[in-house]
Amino acid sequence: MDSISKARAALFKLVRLRTGYSLQNVESDTGKKASLISDMERFKKAIPDDFIAKAFRSFGTEFSFDYSNDVETILSLIHQYIRYLYYINDPKLAVIENQLENYHFDYLSDYDDRFYYLLTLEALVLVSTYQNEQTVRLIDGLKDRIDTLLDAYPVLPPFIKDVINLICGIYYNSLRDFKTSLSYLNNLNSMSPESNDERYLNPIARYFQLKNQVFLHHPMQAYKLIPIVRNELNNDRNYQRLFNLDRLEAIYFISIGEYELANQKLVECTESMHNLGLFFLDDINLENRVWCSLMLGRYEESLDLIEKIESELEFNPASNCIFKTYCLYQLNRQEDCKQAIEPYKPFRKLITGLHESIMLMETLIFHKPSVFIKQALRFSDQMIKRNEIYIASFFLQMAKDQAESVFDYQSLYTIYQKLYALRQSSQSG
């Protein structure tokens with residue numbers, strides 16, 4: 001049985017199940033025995049055109065066989081889209097999104113082969129281009145589309161299977177579910193001859209594999225992937241992704257405690273981008289530079305970077321609450337320290353980790369070091385369970401500073417044990 005026949009059979013079963021029809025219901029409406037229908041759905045028997053058309057009418061929908069031109073056009077769009085996604089070419093991505101309007105139809109009523117190709121492309125568009133306030137709404141809607149794509153997965157062409165794995169990988173990466181993302185990206189098949197975009201699909205999958213390994217704090221896996229991804233991007237002169245790679249490499253240096261190297265990489269990346277008139281990583285680079293400066297004990301430098309973030313980039317990350325307050329505390333600016341917490345308090349229940357950060361800073365200002373140390377140790381354990389490794393290590397760093405200031409050697413021993421375990425866990429990962 002050819003792939004088109006299998007696709008029809010899979011579509012038929014999907015529509016039957018989603019409209020609540022049993023095999024016996026279909027037998028009653030069409031006159032075909034339920035056992036024969038079951039064989040058709042399992043690709044043991046061919047599914048005749050007249051039967052599928054009659055069955056679909058009983059489901060309350062129509063099934064069109066005039067799809068070949070649409071499938072070819074949509075496949076072409078998918079190939080183009082992956083190429084532009086690889087280069088982060090937003091204007092051309094937008095052009096393809098506009099072209100999609102010609103192929104938009106009601107998913108609940110039109111079931112033919114276009115269905116899967118269109119879902120694939122639209123899912124890829126949603127995952128890769130939308131940002132900010134639309135992201136949560138679009139990702140929620142995308143989950144159903146991905147589930148539908150996975151329903152059809154067994155009978156899809158190899159290239160579309162790989163695109164679906166890429167979509168799911170990018171989708172779960174955007175949700176910060178890095179393990180699930182990696183499981184999909186590791187499942188890409190060998191590229192089939194029908195795809196002209198092997199050179200784009202595989203590299204972008206490897207790029208997101210690297211991104212997952214970095215944020216899962218697996219430095220050895222990241223170390224192996226960095227030169228491979230860099231070589232591919234250099235060969236294709238893919239400069240925008242190379243800037244993203246520089247940032248990921250800086251985060252890799254952070255994960256192994258090389259904060260000076262990380263800071264140097266971030267500064268170089270920012271300077272190179274600005275020379276080319278690109279500013280799309282400014283906020284992320286500055287946040288990571290704040291982190292590096294903090295871990296190096298450069299509190300004045302950290303405050304200058306935080307001020308730059310707040311004044312020039314028109315956003316105020318929640319991490320500034322704890323970072324800014326701690327810098328002011330270490331510089332003995334007690335009144336400024338108290339005031340720095342206030343703007344964040346209305347949001348303490350809305351942002352993960354912010355409630356704990358505010359509590360820690362208030363404890364640091366108003367209570368004895370021994371109280372702060374115990375609380376920081378408890379909160380660091382909570383952050384580790386959430387896989388918020390960097391913030392956990394910062395809580396431990398603050399606890400270490402306080403324990404050293406009061407010569408609390410017993411607490412220092414516990415803190416060093418936890419920091420060592422954190423580092424070992426990262427390296428073994």
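Start by selecting R176, which sits in the loop between α9 (158–174) and α10 (178–185). The model is a predicted one, where local features need pLDDT of at least 70, side-chain atom pairs count only at pLDDT 80 or more, and totals for chains, interfaces and linings use all residues. Residues are numbered from 1 along each chain as its sequence is written, and side-chain values use heavy atoms, with hydrogens and water left out. The helix labels come from DSSP runs (H or I, at least four residues), numbered from the N terminus.

Stay on R176 and look at its backbone. Its phi is near 65°, a positive value in a residue other than glycine. R176 has a relative accessible area of 49%, so it counts as partly exposed. The term covers values between buried (under 20% relative accessible area) and exposed (over 50%), with a 1.4 Å probe and protein chains only.

Next, select N332, in the loop between α17 (319–330) and α18 (334–341). Phi is positive here too, in a residue other than glycine: N332 has a value near 60°. N332 is exposed because its relative accessible area is 63%.

Now go to helix α22 (residues 409–428) and select I415 within it. Is I415 buried or exposed? I415 is buried, because its relative accessibility is 0%. To see what surrounds I415, display I373, L377, L396, A399, K400 and A403. I415 touches these residues, leaving aside residues up to four places away in sequence; contact means heavy atoms within 4.5 Å.

Finish with the pair I415 and L377. They are 38 residues apart in sequence, and their C-alpha atoms are 7.6 Å apart in space.

Terms used: Helices (H or I, at least four residues) and strands (E, at least two) are DSSP runs, numbered from the N terminus.
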